[in-house]
Amino acid sequence: MIFLKTDDEIELLRKSNLLVGQTLAEIAKAVKPGVTTGELDKIADEFIRDHGAVPTFKGFPNPYGSPFPASICTSVNEQVVHGIPGDVVLKDGDIVSVDCGTYMNGFCGDSAYTFCVGEVAEDVRQLLKVTKEALYIGIETAVHGKRIGDIGYAIQQHCEAHSYGVVREFVGHGIGQDMHEDPQVPNYGRRGYGPVLKQGLCIAIEPMITLGDRHVVMEGDGWSVRTKDRKCAAHFEHTIAVTAGKADILSSFDFIEEVLGDNAI
Ligand code: MG
Ligand code: MG
């Protein structure tokens, strides 16, 4: 069931999503060689709670195992999504995808960004750049009257033109009072297929793109997803609202990129 949002509800979604952007900017300040992913999680958890919100990921149920134990997902190098923060020490040349969710005033925020740790190889930086481009290409496609398949098609075309893999097993989603609502928003698809995009539809678009082939496996912790060939993966995510014109991006990378300056992807 797809819930279209009123303008007031969209403003509440924007507040939760801007807090995600600000939280990711706090993480941007801390990402450097020597920091652990557990330390990043602590920064995010405190920042979110200090701003009157709850980290939605903490305790998120897993039908196959334990609930998610942390407030952000930190997926390093070949990890694609849902990496669990802990003792992993980030080192020069790594990348880390940080996914963050907040809940405040009854509405959810959800956004993700892949950070470089120190000096990262050029082919990996290029993967990040193209994944972020693909996110914005998907968002440009998300206009009233188009279909969900148009978004996935646009993302897939852009990434496959660079010979990257487009992960199929995990997808974007509707968002509102629940973090995951209908419809699913795949990063692949056929033009003209899927649910129609209507004004008030709020969705998270989140390409998960790999340097090698698209196949992924679940790690033994029951959460972390990594590439089968162990090549790097990137993940960028925005929450948007479909409007009569251009999509309204409710989350923001501005806070992050202000911190990263010239090092932004
Ligand atoms: Mg997310
Ligand atoms: Mg999401």
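I looked up where helix H3 meets helix H4, counting heavy atoms within 4.5 Å as contact. Val130, Glu133, Ala134, Ile137, Gly138 and Thr141 in H3 meet Asp150, Ile151, Ala154, Ile155, His158 and Cys159 in H4. I sorted the residues of this contact into seven nonpolar, three polar and two charged. Ala, Val, Leu, Ile, Met, Phe, Trp, Tyr, Cys and Pro count as nonpolar, Asp, Glu, Lys and Arg as charged, and the others, Gly among them, as polar.

I noted that the model is predicted: local features need pLDDT of at least 70 and side-chain atom pairs pLDDT 80 or more, while totals for chains, interfaces and linings use all residues. Residues are numbered from 1 along each chain as its sequence is written, and side-chain values use heavy atoms, without hydrogens and water.

I then looked up the packing of H3 (residues 122-141) and H4 (residues 148-161): the angle is about 150° and the axes are 8 Å apart. H3 and H4 are therefore roughly antiparallel to each other, a term for angles over 145 degrees.

Finally, I followed E5 to strand E4 (residues 95-104), with which E5 pairs in the antiparallel sense over 10 bridges; pairing requires at least two bridges found by DSSP. I found tyrosine 113 in E5 as the bridge partner of valine 98. The hairpin of E4 and E5 has two residues between the strands, and asparagine 105 takes a positive phi near 55° there.

How values were computed
Chains lettered and ligands numbered in written order. Axes fitted to C-alpha atoms, helices over the stretch in contact; angles between N-to-C directions. Helix = DSSP H or I, 4+ residues; strand = E, 2+ residues; numbered from the N terminus. Parallel < 35°, antiparallel > 145°, perpendicular 65-115°, else oblique.
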